[in-house]
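Student: I'd like to learn how to read a fold like this one. Could we go through it feature by feature?

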Amino acid sequence: MTGLPAHELQQLCTLLAPAQAAIAEQRQYLQRGGPRRKERGDHGRPLLTPADKVLITVVYLRRVCPQKVLVELLGINPNTIGRAIRETRTLIEEHQIEFSQTSHYFSDIDELRNWLDNDTTTTRIEAARALTHPDLTGMTRDDFQALVDRISVSYRASIEQRRHRQRGGERRPGTRGGLFRQKITDADRILATVLAQRQLCDQQTLAELFGVSRGTIRNAVDDVLPLLQQHRITPAPAIHQFTTAAEVLDLIASDTDHKSPS
């Protein structure tokens with residue numbers, strides 16, 4: 001969920017705690033309209049502790065799920081979740097800390113709860129992993145991951161440039177930055193583009209394989225293809241073309257069965 005060992009998450013909480021306390025004090029100062037007239041009182045445990053806010057923000061920045069899922073999961077007011085993320089994200093950015101996007105993206109609470117309860121990936125995630133099969137991408141999984149690492153930085157930069165034009169300026173510190181407009185991960189978008197360029201199958205079939213609309217696949221190709229060309233990456237044409245998603249999945253399944261011990 002966080003991409004961090006427990007001790008590193010604790011270190012991050014310790015690092016941000018003083019600044020979080022300062023933000024809370026400033027907010028209370030403004031609410032009071034001036035300095036304290038009495039000593040700080042003990043009003044019980046707050047709804048979200050500073051460590052809670054860090055945890056929620058890290059999960060959000062890792063793109064595990066949108067805010068609405070966090071709201072449902074925790075049973076907390078959306079404004080409380082949103083403010084916690086805005087404030088904590090600003091502190092994380094000030095320390096120039098970045099978090100990689102996880103492949104475990106959950107668009108609704110049932111998917112997330114199922115994963116938490118069973119510690120297994122969902123069908124969609126498993127399918128995306130299966131589609132990195134060397135017979136489909138024309139490269140080893142390590143080579144494909146290297147391609148993703150190489151393209152991802154340029155991809156995020158191009159998306160931010162486009163949003164900058166749409167906004168007409170810089171986004172305000174702590175805002176969401178449109179993290180959850182996309183139905184699939186950045187790596188999946190790169191994968192879909194590679195498969196499309198290899199002419200493995202048409203975009204409608206890719207949409208069925210990734211469990212998204214054809215428009216999502218088309219947008220992915222439109223965004224990623226110029227970057228592949230910029231980096232002079234030309235995926236080799238596929239030896240076999242497929243007309244249905246079932247044919248692609250059958251190929252993957254047959255290869256898995258062939259490699260399984262008897």
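Student: Where is the place of Arg-63?

Tutor: Arg-63 sits in the loop that runs between H2 and helix H3 (67-74). Helices here are DSSP runs of H or I with at least four residues, strands are E runs of at least two, and both are numbered from the N terminus. Before we go on, a word on the source: this is a predicted model, where local features need pLDDT of at least 70, side-chain atom pairs count only at pLDDT 80 or more, and totals for chains, interfaces and linings use all residues. Residues are numbered from 1 along each chain as its sequence is written, and side-chain values use heavy atoms, with hydrogens and water left out.

Student: What is phi of Arg-63 near, and is the residue buried or exposed?

Tutor: Phi is near 65°, a positive value in a residue other than glycine. Buried means under 20% relative accessible area, exposed means over 50%, and partly exposed is in between (1.4 Å probe, protein chains only). Arg-63 has 16% relative accessibility, so it counts as buried. Now take Arg-232: its phi, near 55°, is also a positive value in a residue other than glycine. Arg-232 belongs to the loop between helix H11 (214-230) and helix H12 (245-259), and it is exposed, with a relative accessible area of 78%.

Student: What follows H3, and which residues of H3 are buried?

Tutor: Gly-75 follows H3, and its phi is positive, near 65°. The buried residues of H3 are Gln-67, Val-69, Leu-70 and Val-71. They pack against H2, H4 and helix H5 (109-118).

Student: How do I read a nonpolar core, and which residues have the most contacts inside the largest one?

Tutor: In soluble globular proteins, nonpolar side chains tend to be buried together. A core here is a set of buried Ala, Val, Leu, Ile, Met, Phe, Trp, Tyr and Cys residues joined through side-chain atoms within 4.5 Å. The largest has 36 residues, and those with the most contacts inside it are Leu-131, Leu-136, Ile-151, Leu-195, Leu-206, Phe-210 and Ile-217. Helix H8 (141-167), helix H9 (186-197), helix H10 (203-210), H11 and H12 are the elements that give it two or more residues. Another core, of 27 residues, lies apart from it and includes Val-54, Val-58, Val-69 and Ala-84.

Student: What does Leu-195 touch?

Tutor: Leaving aside neighbours within four places in sequence, Leu-195 is in contact with Leu-131, Leu-136, Thr-137, Leu-200, Leu-206 and Phe-210.

Student: How many helices and strands does the chain have?

Tutor: Twelve helices and zero strands. Of the 262 residues in the protein chain, 41% are buried.

Conventions: Contact means heavy atoms within 4.5 Å.
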